[in-house]
Amino acid sequence: MEPSTSAPSRLTFIGGGCLAQALIRGIYSTSSSWKDDCKISVTARRQEQVRELRARFPLATVSNNNLDAAIWSTAASKRPDTHVVFICTLPIDVPQVCLELAGIVETLDVTSRPTVVTMCPGISVAQVQSWLPKETPVVRSMPNTPVMCRQGATALFPSESALPRIELVATVFRAVSPAISILPKESLLDVVAAISGSAPAHFYYLIESMISVAVSHGLSKDMARSLIANWDMANVG
């Protein structure tokens, strides 16, 4: 039987890069009470990065070992144990990470297995499932760059086995994404990548073009940027 909860008791981030750090910062900054009883772990390859992450997130468990017992041990919690693992590596590293995790995931009862979340384009749910034990819940996510300032938009597509747990994943992303969309078809992630993922770049390119035109007509660059930025904030939404 699936644990009945909408908030995770454990979060693990494989790869401690910018995206993982943005999520961790957002979680620690959220006013939601679930974070107070949630164990957060993050891994990194380089010892230098491990030291940096420990200094930045003193409440988190930080390791250079994805299979560290401190990450996978079940601690006492006020809620049912619900573990979400975010793979925040480069796409080329995802197969190896999944195969590495497969051994420990396979030792767990099906209902106790973590929900595995990927954050990279080009790797399907079926591919991730092929590298993990059968029936492991998998969610593909497509966050955009504004998650770095907690104003992101994120699309999610769950495997069938992850459907009962999709709210767990959505809860985490809400710490950095006011907009969450749960997609009915995996192919729609390509549409999301084209609009939500690429939209910030197109938008800022438009702003830079407008600034250039304003400067060519005699305004200073600082004045043009200020005027256009204030128009932007007044009209968003």
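Reply:

**The interface between the domains**

Domain 1 and domain 2 bury about 400 Å² between them, with 73% of it on carbon and sulfur atoms; buried area here is the accessible area, taken with a 1.4 Å probe, that two parts lose on being put together, summed over both. On the side of domain 1 that touches domain 2, the residues divide into five nonpolar, two polar and no charged, where Ala, Val, Leu, Ile, Met, Phe, Trp, Tyr, Cys and Pro count as nonpolar, Asp, Glu, Lys and Arg as charged, and the others, Gly among them, as polar.

This is a predicted model, in which local features need pLDDT of at least 70 and side-chain atom pairs count only at pLDDT 80 or more, while totals for chains, interfaces and linings use all residues. Residues are numbered from 1 along each chain as its sequence is written, and side-chain values use heavy atoms, with hydrogens and water left out.

Domain 1 covers residues 10-183 and domain 2 covers residues 192-230, the bounds coming from an automatic or database domain assignment. Their C-alpha centres lie 34 Å apart, and seven residues of domain 1 are in contact with five residues of domain 2 (heavy atoms within 4.5 Å). Between domain 1 and domain 2 the count of salt bridges is zero, a salt bridge being a side-chain nitrogen of Lys or Arg within 4 Å of a carboxyl oxygen of Asp or Glu.
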